Amino acid sequence: MGGMKSVRGYKSGSLSPKNSSGDLVGGNRMFANSVEASIPLIKSAKMRMLFFLDYGMIGEDSFDINR
């Protein structure tokens, strides 16, 4: 799950509001970024610990929150 242009655990477009026709509505611009780190725990069991941070913004003409 997850990947570019998505939020982990959710289908693409499932978090967006929809108008009365069922079309997705929102901003004209989108920014998405993800950072992951993986740390080995038990090599014999091939067990790892994973940390991740997903971040994104959406905006009409810019990402400035004051507009």
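This report walks through a predicted model, from its overall fold down to a few residues.

Because the model is predicted, local features need pLDDT of at least 70 and side-chain atom pairs count only at pLDDT 80 or more, while totals for chains, interfaces and linings use all residues. Numbering runs from 1 along each chain as its sequence is written, and side-chain values use heavy atoms, leaving out hydrogens and water.

**Overall picture**

Helices here are DSSP runs of H or I with at least four residues, strands are runs of E with at least two, and both are numbered from the N terminus. Of the protein's 67 residues, 1% count as buried; buried means under 20% relative accessible area, exposed means over 50%, and partly exposed is in between (1.4 Å probe, protein chains only).

**A nonpolar patch**

Ile39, Leu41, Ile42, Met47, Met49 and Phe51 make up a nonpolar patch on the surface, with about 520 Å² of accessible area together. Strand S1 (29-42) and strand S2 (47-59) are the elements that give two or more residues to the nonpolar patch. To qualify for a patch, residues need over 30% relative accessible area and no salt bridge; nonpolar side chains (Val, Leu, Ile, Met, Phe, Trp, Tyr) are joined within 5 Å, like charges within 9 Å. A salt bridge, in turn, is a side-chain nitrogen of Lys or Arg within 4 Å of a carboxyl oxygen of Asp or Glu.

Ile42 sits in strand S1 and counts as partly exposed, at 39% relative accessibility. Met49 belongs to strand S2 and is partly exposed too, with a relative accessible area of 33%. Leaving out residues up to four places away in sequence, Met49 touches Ala37, Ser38, Ile39 and Leu41.

**One aromatic pair**

Searching the whole structure turns up one aromatic pair. Phe31 and Tyr55 have ring centres 6.4 Å apart and planes at 70 degrees, so this is an edge-to-face pair. It links distant parts of the chain, with Phe31 in strand S1 and Tyr55 in strand S2, 24 residues apart. For the rule: rings of Phe, Tyr and Trp (its six-membered ring) pair if their centres lie within 6.5 Å, and planes under 30 degrees apart count as stacked, over 60 as edge-to-face and the rest as tilted. Phe31 is partly exposed at 33% relative accessibility, and Tyr55 is partly exposed with 48%.

**Some pairs along the chain**

Here are some C-alpha distances.

| Pair | Apart in sequence | C-alpha to C-alpha |
|---|---|---|
| Leu50 and Glu36 | 14 residues | 7.1 Å |
| Met49 and Ala37 | 12 residues | 8.3 Å |
| Asn28 and Gly59 | 31 residues | 6.1 Å |

Leu50 lies in strand S2 and is partly exposed, with a relative accessible area of 44%. Beyond residues up to four places away in sequence, Leu50 touches Glu36, Ala37 and Ser38.

Asn28 is in the segment before S1, and its relative accessible area of 59% makes it exposed. Setting aside neighbours within four places in sequence, Asn28 is in contact with Gly59, Glu60 and Asp61.

How values were computed
Areas by Shrake-Rupley, 256 points an atom, 1.4 Å probe, with all protein chains shown as cover. Contact = heavy atoms within 4.5 Å.
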